[in-house]
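Please look through the sequence and the structure below before reading on. The paragraphs that follow take up charged side-chain pairs and then the sheet.

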Amino acid sequence: MITVYLDRDSVAMGDDVVPHSVAWEFEDSAAPGDVLARVLSERYLARVAGPVAWGFEVGAFTVQHYPEFIAIEAVQTVTAAAVLQPSAGTWQVVPLRARVLTIPFLDRPDWAVADRQFAVDLRYSTEGAARDPETYVSWLGRHR
């Protein structure tokens, strides 16, 4: 078994009240994509009103253990997938680095935070709406 530490950004001040870091156990064959599948099935991400996105970050992290929480800090990561929430309670996954999502953690010793221990992070963005090219150009013009 391997341990994967997860953390996610807070979505609002009230969401900061409790830590979001957790440690999950996985089979030795687990890859980052398996962690993301569990994130979605266990509803780990906060649900918010309106379209938002989460960046699923994998790679090298440091992990510090404190009595009340686990602190996960990125060292060198890549965004392997985007998780879009086009409306409250619905999810879409956009694999950005399919190969990274499928390589078992144990095949990436450079990502280990300790023996058989790895980490991932989920970054929150309120700018998660998907836009067709015309809407994007219009949006870009309004935000310059």
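**Salt bridges and sheet**

Asp110 and Arg108 form a salt bridge, with 2.8 Å between their closest N and O atoms; the term stands for a side-chain nitrogen of Lys or Arg within 4 Å of a carboxyl oxygen of Asp or Glu. The model is a predicted one, in which local features need pLDDT of at least 70 and side-chain atom pairs count only at pLDDT 80 or more, while totals for chains, interfaces and linings use all residues. Residues are numbered from 1 along each chain as its sequence is written, and side-chain values use heavy atoms, with hydrogens and water left out.

Asp110 has a relative accessible area of 48% and is partly exposed; on this scale, buried means under 20%, exposed over 50%, and partly exposed in between, with a 1.4 Å probe and protein chains only. Arg108 is also partly exposed, at 23%. Salt bridges with shared partners join Asp9, Asp121 and Arg123 into one network.

How many salt bridges does a search of the whole structure find? The search finds 5. One of them links Arg123 to Asp9, whose closest N and O atoms are 3.7 Å apart. Arg123 belongs to strand E6 and Asp9 to the loop between E1 and E2, so this pair ties together parts that lie 114 residues apart in sequence. Both residues are partly exposed: Arg123 has a relative accessible area of 38%, and Asp9 has 23%. Another salt bridge is formed by the side chains of Glu42 and Arg38, at 2.8 Å from N to O. Glu42 is partly exposed at 44% relative accessibility, as is Arg38 at 22%.

The strands form an open sheet of 6 in the order E2-E1-E6-E3-E4-E5, with mixed pairing. Strands (E, at least two residues) and helices (H or I, at least four) are DSSP runs numbered from the N terminus, and two strands pair if DSSP finds at least two bridges between them. Strand E2 (22-26) and strand E5 (92-95) are at the edges with a single partner strand each, so one side of each has no neighbour in the sheet. From one strand to the next, the twist averages 35°.

Strand E1 (residues 2-8) runs parallel to strand E6 (residues 117-125), and 6 bridges join them. Within this pair, Thr3 stands opposite Gln117 in E6. Helix H1 (residues 32-41) packs on the sheet and touches E1, E2, strand E3 (52-65), strand E4 (70-85), E5 and E6, where contact means heavy atoms within 4.5 Å. The direction of H1 makes about 120° with that of E2; axes are lines fitted to C-alpha atoms, for helices over the stretch in contact, and angles run from 0 to 180 degrees between N-to-C directions.
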